[in-house]
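Work through the exercises below with the sequence and the model open side by side. Each task is followed by a solution in steps.

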Amino acid sequence: QVQLVESGGGLVQAGGSLRLSCEASGRTFNNDGMGWFRQAPGKDREFVAAISRGGGTFYAGSVEGRFTISRDNAKNTVYLQMNSLKPEDTATYYCAALSVNTGFTRPERYDYWGQGTQVTVSS
């Protein structure tokens, strides 16, 4: 059974940092692109960051320079380091995997999703 399990969410003050992890199981995801999306109450799910199978990274403009995505293929894990957090970053964060090496910003291109982890940034 393929699973993506996020962890590392929590409550943090504005300006603080969190590191999200997404551990994959059930098969290797070394050849997949991996992405992070977020969804705030009443809003659509939005792209945050992605990393290709070759290590290329992509970011939403709202997080570029503050967030860093990385992956450890030996651990089948992808990370999202979030610095200088803002109240508008408050959302449920989801990791996802896609088997094609394109379309990273489009949630409909992803094949597998985690259950999400809550990030709350207080002002």
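Contact here means heavy atoms within 4.5 Å. The model is predicted.

**Exercise 1. Decide whether strand β9 is enclosed by the structure, and find which strands pair with β9.**

Step 1. Check burial, for which the cut-off is under 20% relative accessible area. Eight of the eight residues of β9 (residues 91-98) are buried, so the strand is largely enclosed by the rest of the structure.

Step 2. Look for partners. Strands of a sheet pair through backbone hydrogen bonds, either parallel or antiparallel.

Step 3. Seven bridges connect β9 with β4 (residues 33-39), in the antiparallel sense. In this pairing Met34 is opposite Ala97.

Step 4. Strand β11 (residues 117-122) is also antiparallel to β9, with three bridges; here Tyr93 has Thr117 as its bridge partner.

Step 5. Two bridges pair β9 with β10 (residues 112-113), again antiparallel, and Ala96 faces Trp113 there.

**Exercise 2. Locate the disulfide and state its handedness.**

Step 1. A disulfide is a covalent bond between the sulfur atoms of two cysteines. The structure holds one.

Step 2. The cysteines are Cys22 and Cys95, with sulfur atoms 1.9 Å apart. Cys22 lies in strand β3 and Cys95 in strand β9, so the pair links distant parts of the chain, 73 residues apart.

Step 3. The torsion about the S-S bond is about 40 degrees, so the disulfide is right-handed.

Step 4. Cys22 and Cys95 are both buried.

**Exercise 3. Is Asp32 buried or exposed, and which residues does Asp32 touch?**

Step 1. Asp32 sits in the loop between β3 (18-25) and β4.

Step 2. The relative accessibility of Asp32 is 4%, so Asp32 counts as buried.

Step 3. Not counting residues up to four places away in sequence, Asp32 touches Arg27, Ser52, Arg53, Arg71, Ala97, Leu98 and Ser99.

Step 4. Take Leu98 from that list. Asp32 and Leu98 are 66 residues apart along the chain, yet their C-alpha atoms are separated by 5.5 Å.

**Exercise 4. Give the strand order of the open four-stranded sheet, and name the edge strands.**

Step 1. The order is β1-β3-β8-β7, with antiparallel pairing.

Step 2. Strands β1 (3-7) and β7 each pair on one side only, and these are the edge strands.

Step 3. From one strand to the next, the twist averages 15 degrees.

Step 4. Take β7 and β8 as the pair to inspect: six bridges join these antiparallel strands.

How values were computed: Residues are numbered from 1 along each chain as its sequence is written. This is a predicted model: local features need pLDDT of at least 70, side-chain atom pairs count only at pLDDT 80 or more; totals for chains, interfaces and linings use all residues. Side-chain values use heavy atoms; hydrogens and water are left out. Buried means under 20% relative accessible area, exposed over 50%, partly exposed in between (1.4 Å probe, protein chains only). Two strands pair if DSSP finds at least two bridges between them. A disulfide is a pair of cysteine sulfur atoms within 2.5 Å. Axes are lines fitted to C-alpha atoms, for helices over the stretch in contact, and angles run from 0 to 180 degrees between N-to-C directions.
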